[in-house]
Amino acid sequence: MTSNLSRIGFGLAPLVALLLLWQAASAAGLFPPQVLVAPADVVAALLAMWRNGELVAHLSISLTRLLIGFGLGAAAGLAFGTALALSRLAEALFGPLFQALRQVPVLAFLPMLVLLLGIEERFKIVVVAIAAFFPVALAAFDGVRGVPRSHFEVAKLYRTPLLPFLGRILLPAATPPVLTGLRIGLTRAWLVLIACELLAAGSGIGQMMEMARQLFRIDVVLAGVFVSGLIGFLLDRGVKLIERRTLRWKAA
Amino acid sequence: MNVTTLFDTPAAASPPIDGALTIAGLSKDFTVGGRSLPVLDGIDLVVRPGEFVSIVGPSGCGKSTLLRLVAGLDTDFAGEIRLDGKRITGTDLDRGLIFQDHRLFPWMTLEENVGLALLNSSIPKAQRARIVAEHIALLNLAGFEKAYPHQLSGGMAQRGAIARALVTEPKLLLLDEPLGALDALTRIHVQTELQRIWLRQRSTMLMVTHDVEEAVYLSDRVIIMGAKPGRIRRIVDIDLPHPRERSLPQLHRLRDEILAELIQPVPTPGEPENLVRLPVREAM
Amino acid sequence: MRAHRHPAARVALGLLIPILLLALWQAQAEVGGARALAFVPLASIAAAFAELAASGQLLTDAVTTTSRALTGLVLGASAGVLLGIAMGLFRSVDRLIGPLYHAIRQVPLLGWLPLIGLWVGNGEAAKLLIVGLAAFYPTVLNTYEGIVHAERRNTDVGALFGFSRAQLLRHVLLPGALPLILTGLSQAIAFAWIATIGTELLLGAGAGLGATMSLAQAQQRMDVILVAIAITGLIGFTLNTLFARLRGHLLRWQPAIA
């Protein structure tokens with residue numbers, strides 16, 4: 001426990017040193033203020049935006065978009081990937097289209113979706129959902145397809161009914177790759193959402209940064225970089241924690 | 001059991017003059033979970049130039065560790081190891097080591113793998129290709145120079161590893177269960193080959209093996225080690241001329257004797273006598 | 001009836017859904033009115049393709065975007081491999097740079113755009129920075145893993161033959177890490193491609209598939225957008241396929257995965 005803490009301390013030391021250096025350099029006037037402001041100024045901007053509720057408002061709207069979009073996209077991806085893996089007919093029907101669409105970076109769909117959906121909430125949620133859909137669908141397909149044949153044979157041998165088979169055999173066996181897919185989907189959804197908000201939005205962390213850029217408020221831009229990074233980190237770490245808890249039965 | 005002496009053997013053009021290994025008072029501990037665990041304890045051993053010595057013993061008797069120390073891969077030990085009077089402080093091209101797995105680099109062809117051993121040797125670059133080709137031919141691998149390890153069978157890959165170890169012409173060759181991963185038939189083939197090569201090169205050989213028959217067939221002496229901590233229990237002389245016939249009755253008798261020594265349990269008071277006399281099986 | 005087992009039947013089945021979707025699209029287009037703006041008739045998509053191809057704009061865009069992606073890829077990936085090696089070889093570099101790398105990596109790639117915009121403007125430099133960064137992340141990580149997890153069984157052999165540090169790196173560590181480095185590079189290609197399209201979209205202006213899409217969006221030219229999307233997917237697919245070929249050649253020493 002202590003060694004763990006001290007290791008984290010060791011890891012953070014260079015970061016802290018860098019921040020101090022940056023602060024000192026800014027105080028000494030090494031950077032023009034329109035290029036880089038001191039970390040203390042960024043903290044001040046964060047605190048100010050936290051106090052007047054601006055930060056919370058932007059954050060909650062971004063996170064709401066993320067959760068709804070990701071929820072829809074991941075659910076659709078899970079269902080689609082599993083169906084494709086279990087049914088050869090579904091694979092023959094939808095596989096080629098899926099593989100073709102997968103080649104297109106999600107961001108390339110933005111202009112088309114703006115024309116189809118406008119730039120309101122609907123648009124952002126659909127984009128986030130698409131971003132989550134592809135990695136999750138792929139992981140679900142690989143996960144279910146990757147279940148060893150022997151598992152199916154054991155189930156056949158013991159005449160396991162369908163529901164227990166899905167719940168007790170298929171699900172646990174396919175969970176590890178699916179969780180990884182969900183994690184990738186979540187990170188990608190966050191990336192695409194920030195891009196969307198930079199491109200076209202009236203609110204959200206991305207819009208906050210874009211507005212600040214236009215106003216040359218570098219402290220707010222840096223605050224946005226920090227917040228979006230922190231959210232990205234927490235999302236990734238959160239799913240990793242779930243992965244670790246779920247996979248305790250697997251050899252480390 | 002003194003049938004003939006080593007010097008009656010018909011092979012070797014001239015008796016080797018170097019490759020003398022001296023191990024004195026060698027001990028080695030491993031630290032496991034904060035506790036010190038003795039692995040080797042007070043090993044004394046002298047191997048003559050050109051001698052073939054095998055080490056047999058139960059798992060965990062530290063025989064592989066001993067080879068790693070002699071190779072110079074691990075320099076953290078008490079005591080002394082000398083090769084021709086020179087103290088061993090690290091790896092050197094005068095010692096070669098062959099592992100149980102071939103350990104050829106998968107990203108190189110056989111030829112490149114063997115050639116890589118010469119990277120730091122004093123042999124002039126112009127001669128290296130010829131020397132590599134000779135050693136590949138010596139191990140009967142001609143024609144497979146451009147093959148990657150995964151394209152070779154287990155026995156061929158292991159012969160490749162032997163070629164790689166020999167190409168630097170080490171004074172002392174260490175073999176850590178070199179044939180342990182091979183199937184029984186391949187094993188016999190490579191044993192025969194090993195004997196032929198040793199008779200030709202006459203470098204000193206120190207081999208760890210689980211196979212008592214193999215040890216007896218190839219060696220001048222067989223060292224029996226005991227475990228926990230690893231110590232030398234007994235040294236058996238195999239004074240028979242090389243090359244040997246596998247069917248030699250003396251070999252079988254020696255094998256049985258060594259096996260009996262190995263399966264003999266550490267005596268515990270009160271154990272019934274009749275459980276100790278197990279019939280000796282064909283192989284371990 | 002297991003019709004879908006037959007190869008020809010498989011192709012037909014695979015085309016079924018796309019054809020249905022296209023028909024649905026065409027039907028929407030023919031309804032007319034406000035929808036016709038979004039659902040352009042298929043014929044006009046083909047016409048837009050012919051027009052863009054004939055004017056040379058399509059080729060210019062494709063070449064611009066591809067060379068931008070490849071330039072960023074080469075810059076970012078070579079920096080990434082070098083840093084990954086340094087972090088893998090030297091504990092001090094790992095201790096010093098590692099936390100910084102992992103902190104910076106958390107920020108969504110395009111989230112850097114406003115900051116980079118303030119620093120270097122919205123020109124080529126900003127785009128290359130983002131694309132390079134996209135290629136940089138996965139190469140650092142995979143190279144580092146490959147070097148750090150070099151197998152003891154291989155490094156032992158290097159020690160036996162008295163390899164120097166440089167020899168060990170060249171003959172043992174780097175070839176041993178190659179499979180992972182190539183994995184990193186294939187991720188880098190995918191990310192660099194996404195980043196190129198993303199920066200072109202967000203920074204508009206100039207040539208490039210993303211910029212053309214952005215302009216077409218402003219002009220409500222759905223046909224142009226769709227052509228650009230198709231080309232984007234096609235180039236991305238080609239890059240991935242070509243790299244997979246190269247990877248297969250470089251890793252020909254690996255036993256085939258059964």
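Predicted model: local features only at pLDDT ≥ 70, side-chain atom pairs only at ≥ 80, totals over all residues.
**Close-ups of the chain interfaces**

View 1. On the chain A side, helices α1 (2-27), α4 (88-102), α5 (110-117), α8 (162-199), α9 (205-214) and α10 (218-246) each supply at least two residues (helices are DSSP runs of H or I, at least four residues, numbered from the N terminus). That side has 36 nonpolar, 5 polar and 5 charged residues (Ala, Val, Leu, Ile, Met, Phe, Trp, Tyr, Cys and Pro count as nonpolar, Asp, Glu, Lys and Arg as charged, the others, Gly among them, as polar).

**View 2. Contacts between chains A and C.** Here 46 residues of chain A meet 47 residues of chain C (contact means heavy atoms within 4.5 Å). Of the 2 pairs of chains that touch, chains A and C have the most contacts. The interface of chain A and chain C has 0 salt bridges (a side-chain nitrogen of Lys or Arg within 4 Å of a carboxyl oxygen of Asp or Glu).

**View 3. Chain B against chain C.** About 2,000 Å² is buried between chain B and chain C, 63% of it on carbon and sulfur atoms. The contact draws 21 residues from chain B and 20 residues from chain C. Look for 3 salt bridges between these chains; in a salt bridge, the side chains of B:R68 and C:D156 come together at 2.9 Å, N to O.

**Notes.** Residues are numbered from 1 along each chain as its sequence is written, and chains are lettered from A in the order in which they are written. Side-chain values use heavy atoms, and side-chain atom pairs count only at pLDDT 80 or more.

Conventions:
Buried area = accessible area lost by both parts, 1.4 Å probe.
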